[in-house]
Amino acid sequence: MDNEISAAIKDLLISTKIKGIGKLVEHMEKEGFFTAPCSGKHHLCKEGGLAEHSLNVLKTAISLDASLGTAKEGTFSYNDLVITCLLHDLGKMGDYSKANYVPNVLKSGKVSEAEPFKTNKDLLYVPHEVRSIAIAERFINLTEEQEFAILYHNGLYGDFRYTIQGKETPLYLILHFADMWCSRVTEIEEGED
């Protein structure tokens with residue numbers, strides 16, 4: 001776990017001053033958000049990858065917003081960016097004290113190099129977008145716009161790909177693009193050393 005990344009995420013979430021955010025941060029810590037991988041074999045499939053990805057998405061979204069000038073009265077706020085970007089993949093940490101990803105141990109007893117993690121079969125399948133909203137809302141009240149952005153953030157790559165077309169919002173678009181940019185460009189380049 002990268003203490004700098006986890007401290008930054010905690011500080012950013014607490015800075016929103018949303019009622020219940022402290023309890024959510026405690027839950028994230030307890031349930032392994034800061035140590036979970038972001039994927040099983042793709043971007044940031046390493047310990048702490050989920051937290052690193054979430055912070056990357058926020059940084060990218062802030063840059064996009066600054067370039068586009070989208071966070072203005074009537075659209076969304078800085079807090080909306082912090083909440084949606086840092087919590088969009090919250091469900092990937094798992095739920096009910098069960099990790100979403102577990103080490104992919106081969107018959108030889110070694111962890112697979114090609115796919116270091118696999119989905120935990122002991123955790124019932126719920127799309128991570130849905131799980132992210134459910135976990136967050138146990139502690140804080142998300143706005144309609146935040147829920148929408150988190151639910152649809154995977155766009156054409158998620159379980160809800162056919163329902164987002166024509167219903168895009170500015171916050172959703174910023175989150176979706178930042179997430180895609182990080183997972184398909186930034187985080188892939190970082191791993192190519």
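Asp 95, Arg 131 and Arg 138 are joined in a network of salt bridges. The model is a predicted one.

**Other salt bridges**

- Six salt bridges are found in a search of the whole structure.
- Glu 29 and Lys 10 form one of them through their side chains, with an N to O distance of 2.4 Å. Since Glu 29 sits in helix H2 and Lys 10 in helix H1, the pair ties together parts that are 19 residues apart in sequence.
- Glu 29 is partly exposed, its relative accessible area being 45%.
- Lys 92 and Asp 89 also meet in a salt bridge, at 3.8 Å from N to O. Lys 92 counts as buried at 11% relative accessibility, and Asp 89 is buried with a relative accessible area of 2%.

**Nonpolar core**

- The largest nonpolar core contains 44 residues. Ile 9, Leu 13, Phe 33, Leu 87 and Leu 90 have the most contacts inside this core.
- Two or more core residues come from each of helices H1 (3-15), H2 (21-31), H3 (49-68), H4 (78-87), H5 (128-136), H6 (144-152) and H8 (170-190). H3 gives the largest share, seven residues.
- Leu 90 is in contact with Leu 24, Met 28, Phe 33, Ser 132, Ile 135 and Ala 136, leaving aside neighbours within four places in sequence.

**Helix H4 and Asp 80**

- Helix H4 is largely enclosed by the rest of the structure, because eight of its ten residues are buried. These are Asp 80, Leu 81, Val 82, Ile 83, Thr 84, Cys 85, Leu 86 and Leu 87.
- Ser 77 caps the N-terminal end of H4, with a side-chain oxygen 3.3 Å from the backbone nitrogen of Asn 79.
- Asp 80, a residue of H4, has a relative accessible area of 11% and is buried. The Asp 80 side chain reaches the backbone nitrogen of Ser 77 at 2.9 Å.
- Beyond neighbours within four places in sequence, Asp 80 is in contact with Thr 143, Gln 146 and Leu 171.

**Aromatic rings**

- Four aromatic pairs are present in the structure.
- The ring centres of Phe 33 and Phe 34 are 5.2 Å apart and the planes stand at 85 degrees, so this pair is edge-to-face. Phe 33 is buried at a relative accessible area of 0%, and Phe 34 counts as buried at 3%.
- Phe 148 and Tyr 172 have ring centres 6.5 Å apart and planes at 80 degrees, so they too are edge-to-face. With Phe 148 in helix H6 and Tyr 172 in helix H8, the pair ties together parts that are 24 residues apart in sequence.
- Tyr 172 is buried, with a relative accessible area of 4%. Phe 148, Tyr 152 and Tyr 172 make up one aromatic cluster.

**Charges over rings**

- Lys 10, the salt-bridge partner of Glu 29, lies over the face of Phe 34 at 5.1 Å from the ring centre.
- Arg 184 has its charged end over the ring of Tyr 157, 4.9 Å from the centre.

Notes
Residues are numbered from 1 along each chain as its sequence is written. This is a predicted model: local features need pLDDT of at least 70, side-chain atom pairs count only at pLDDT 80 or more; totals for chains, interfaces and linings use all residues. Side-chain values use heavy atoms; hydrogens and water are left out. A nonpolar core is a set of buried Ala, Val, Leu, Ile, Met, Phe, Trp, Tyr and Cys residues joined through side-chain atoms within 4.5 Å. Buried means under 20% relative accessible area, exposed over 50%, partly exposed in between (1.4 Å probe, protein chains only). Helices (H or I, at least four residues) and strands (E, at least two) are DSSP runs, numbered from the N terminus. Contact means heavy atoms within 4.5 Å. A salt bridge is a side-chain nitrogen of Lys or Arg within 4 Å of a carboxyl oxygen of Asp or Glu. A polar contact is a pair of N or O atoms within 3.5 Å; within protein, one must be able to donate a hydrogen and the other to accept it, and residues adjacent in sequence count only if both atoms are side-chain atoms. Rings of Phe, Tyr and Trp (its six-membered ring) pair if their centres lie within 6.5 Å; planes under 30 degrees apart count as stacked, over 60 as edge-to-face and the rest as tilted. A charge sits over a ring if NZ of Lys or CZ of Arg is within 6 Å of the ring centre and within 35 degrees of the ring normal.
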